[in-house]
Amino acid sequence: MDSSSVQERLNTIFRHLLQQPCKAKLVLHKVLLTSRQLQKQEVAEPVIIGGMVLDIHATPSFPANLRTTTPGKVNYVLGSVARNVAECMSKLGAKPYMISALGLDMAGGFAF
């Protein structure tokens, strides 16, 4: 990937997040490592950036009738692609870092 396409992607992200184009100049440096250097380095830890949501699963106790209340069971389950990927990576032995926004509400309290 050349630096101009990387700059275009960064500008798109900045416009989305900041509602203005990025005026900073991106500088990419190629890093070449020999196999000996790679063996000396510690294992990299994954960083996952993305959403973390609370899925609500509601199951009625019996078939629902229109315009009436229906008793049932409600389960709260942590979800989202980024959170699921981080959970699966940790089950495989990795130690991922999860970066996500967390609301100050019931769902945010459940996730934390």
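1. Basis of the note. Because the model is predicted, local features are taken from residues with pLDDT of at least 70 and side-chain atom pairs count only at pLDDT 80 or more, while totals for chains, interfaces and linings use all residues. Residues are numbered from 1 along each chain as its sequence is written, and side-chain values use heavy atoms, with hydrogens and water left out.

2. Overall fold. The protein chain contains four helices and four strands, where helices (H or I, at least four residues) and strands (E, at least two) are DSSP runs numbered from the N terminus. Read from the N terminus, the order of these elements is α-α-β-β-β-α-β-α. Of the contacts in the protein chain with a separation of 6 or more, 50% join residues 24 or more positions apart, a contact being heavy atoms within 4.5 Å.

3. Surface and burial. The accessible surface of the protein chain is about 9,900 Å², and 60% of that area belongs to carbon and sulfur atoms; accessible areas come from the Shrake-Rupley method with a 1.4 Å probe, and for residues only the protein chains shown count as cover. Buried residues are 10% of the 112 residues in the protein chain, with buried meaning under 20% relative accessible area, exposed over 50%, and partly exposed in between (1.4 Å probe, protein chains only).

4. In α3, which spans residues 81-91, the buried residues are Ala82, Arg83 and Ala86. Seen down the axis of α3, these buried residues fall within an arc of 100°, so they line one face of the helix; the arc is that of the directions from the helix axis to the C-beta atoms. The buried residues pack against β1 (47-49), β3 and β4 (97-99), whereas the face of α3 turned away from the buried side carries the exposed residues Val81 and Lys91. After α3 comes Gly93, with a positive phi near 105°.

5. Most residues other than glycine have a negative phi. Ser80, which lies in the loop between β3 and α3, has a positive phi near 105° and counts as buried at 17% relative accessibility. A polar atom of the Ser80 side chain lies 3.3 Å from the backbone nitrogen of Arg83. When neighbours within four places in sequence are left aside, Ser80 is in contact with Gly51, Met52 and Val53.

6. Arg67, in another loop. Arg67 is not a glycine, yet its phi is positive at about 60°. This residue belongs to the loop between β2 (53-60) and β3, and Arg67 is exposed, with a relative accessible area of 86%.

7. A nonpolar surface patch. Ile56, Val74, Tyr76, Met106 and Phe110 make a nonpolar surface patch of about 500 Å². Patches are made of residues with over 30% relative accessible area and no salt bridge, with like charges joined within 9 Å and nonpolar side chains (Val, Leu, Ile, Met, Phe, Trp, Tyr) within 5 Å. At least two residues of the patch are supplied by each of β3 (72-79) and α4 (106-111). Met106 lies in helix α4 and is exposed, with a relative accessible area of 52%.

Key
Salt bridge = Lys/Arg side-chain N within 4 Å of Asp/Glu carboxyl O. Polar contact = N/O pair within 3.5 Å; in protein donor to acceptor, adjacent residues only side chain to side chain.
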